[in-house]
Amino acid sequence: MQNIQSQCCQSGYDKAYNRQNKHSMDDNKPDTLLTELTAHLVNVANNCDKSAYAELFSYFAPKILNFGNQKLASQGLAMDLVQETMTTVWTKAHLFDADKGAITTWVFTIMRNRCFDMLRKVQHNKEDTFGDDIWPVFETPEATEHEDHILTAKLLKHVDALPPLQRQVVKGIYLQELSQQELSSKLSVPLGTIKSRLRLGLVKLRSILEKHYD
């Protein structure tokens, strides 16, 4: 399976770069074309037919790549979108139901869902990699090292309300008493990311604290 995907990806990407789409994704396709594409998908589902999969890849990959370039604004991410979408087509071909819609609708729904997931991950990564000077209220280590113990205890009561990555860092620093460098090594995450997650988490906890103890 890995070999066929690799071969199809290579040839599919080449075609995606060199050939123009003659129709938009949402155009009505001729019945004969839809019939051929559906037959290829059925062969993939029933027989793991590599040549049928290659035909599907050749048809869909350029359109997915074009969509990815528009929505993701990154050629690398657009190529990843092709890979993820077409891998799903291979592994989930047996789930296609022609009575519920055309093959094009099915494939492009998979594509849009994968694209949404990728956009969400990109946004999440941006939020996790803020520079060290984003929150000047925490710009020195002493700002957290000399926290009042009672205040810290109140903060930690609400730590489970934090997003998972921020919660992981706050617990590591305050509950496991790890240094930021130790936590960075333990999680294989850059030190700057640890600092950013800690600061975001503390800001979130402080906002929660203000609501509960004002």
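Me: How many salt bridges does a search of the whole structure find?

Reply: In this predicted model, the search of the whole structure finds 2 salt bridges.

Me: What makes the contact between D117 and R120 a salt bridge?

Reply: The closest N and O atoms of D117 and R120 are 3.0 Å apart, and because the term requires a side-chain nitrogen of Lys or Arg within 4 Å of a carboxyl oxygen of Asp or Glu, the pair qualifies as a salt bridge. Both residues lie in helix α5 (residues 103–128), 3 residues apart, which is about one turn of the helix.

Me: Why is D117 called partly exposed?

Reply: Its relative accessible area is 25%, and since partly exposed covers the range between under 20% (buried) and over 50% (exposed), D117 is called partly exposed.

Me: Which parts of the chain does the pair K171 and D160 link?

Reply: K171 and D160 meet through their side chains in a salt bridge, at 3.2 Å from N to O. This pair links distant parts of the chain, with K171 in helix α8 and D160 in the loop between α7 (149–156) and α8, 11 residues apart.

Me: Why is D160 called exposed?

Reply: D160 has a relative accessible area of 54%, and because exposed means over 50%, the word applies to D160. K171, with 29%, is partly exposed.

Me: Which residues of helix α8 are buried, and how do you know on which side of α8 they lie?

Reply: In helix α8 (residues 164–174), the buried residues are Q166, V169, V170, G172 and I173. They cover an arc of only 165 degrees around the axis, and therefore they lie on the same side of α8.

Conventions. Residues numbered from 1 in each chain as written. Predicted model: local features only at pLDDT ≥ 70, side-chain atom pairs only at ≥ 80, totals over all residues. Heavy atoms only, no water. Buried < 20%, exposed > 50% of the residue type's maximum accessible area, 1.4 Å probe, protein only. Helix = DSSP H or I, 4+ residues; strand = E, 2+ residues; numbered from the N terminus. Arc of directions from axis to C-beta.
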